[in-house]
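Colleague: I have a structure open and would like to go through it with you. Could you show it here first?

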Amino acid sequence: MNLLLLTGMSGSGKFTAFKFLEDMGYNCVDNLPVPLLKNFVDLMQKGGESQKVVVGIDIRSGKNLEQL
């Protein structure tokens with residue numbers, strides 16, 4: 001699996017980047033809570049296919065960012 005993490009504040013251009021990456025064949029998930037990231041990655045890896053995934057995380061997630 002090819003995983004990209006896209007972070008930034010509101011208005012920083014994440015949505016524009018998502019549109020570009022979707023055009024490149026990535027599946028995009030926005031505003032995924034940091035505590036769910038590991039479970040999400042585990043589920044995607046069980047898919048058995050070579051997947052390209054972008055996960056958007058708001059930089060304002062506070063202390064949860066330390067979990068990354």
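Predicted model: local features only at pLDDT ≥ 70, side-chain atom pairs only at ≥ 80, totals over all residues.

Colleague: Which residues of α2 are the buried ones?

Modeller: Helix α2 covers residues 37–45, and its buried residues are Leu-37, Phe-40, Val-41 and Met-44. Seen down the axis of α2, these buried residues fall within an arc of 95°, so they line one face of the helix.

Colleague: Why would residues spaced like that point the same way?

Modeller: An α-helix has 3.6 residues a turn, so residues three or four places apart point the same way.

Colleague: And what is exposed on the other side of α2?

Modeller: Lys-38 and Leu-43 are exposed there.

Colleague: Turning to the inside, which residues form the largest nonpolar core?

Modeller: That core has 9 residues: Leu-32, Val-34, Leu-37, Phe-40, Val-41, Met-44, Val-53, Val-55 and Ile-57. Both α2 and β3 supply at least two residues of this core. The largest share, 4 residues, comes from α2.

Colleague: What about the second core?

Modeller: The second core is separate and has 5 residues, among them Leu-6, Leu-21, Tyr-26 and Val-54.

Colleague: Now the surface. Which residues make the nonpolar patch?

Modeller: Met-1, Leu-3 and Leu-5 make a nonpolar surface patch of about 230 Å².

Colleague: Where is Met-1 found, and what is its relative accessible area?

Modeller: Met-1 lies in the segment before β1. Its relative accessible area is 38%, and Met-1 is thus partly exposed.

Note on methods: Residues numbered from 1 in each chain as written. Heavy atoms only, no water. Buried < 20%, exposed > 50% of the residue type's maximum accessible area, 1.4 Å probe, protein only. Arc of directions from axis to C-beta. Core = buried A, V, L, I, M, F, W, Y, C linked by side-chain atoms within 4.5 Å. Patch = residues over 30% accessible without salt bridge, like charges linked within 9 Å, V, L, I, M, F, W, Y side chains within 5 Å. Areas by Shrake-Rupley, 256 points an atom, 1.4 Å probe, with all protein chains shown as cover. Salt bridge = Lys/Arg side-chain N within 4 Å of Asp/Glu carboxyl O.
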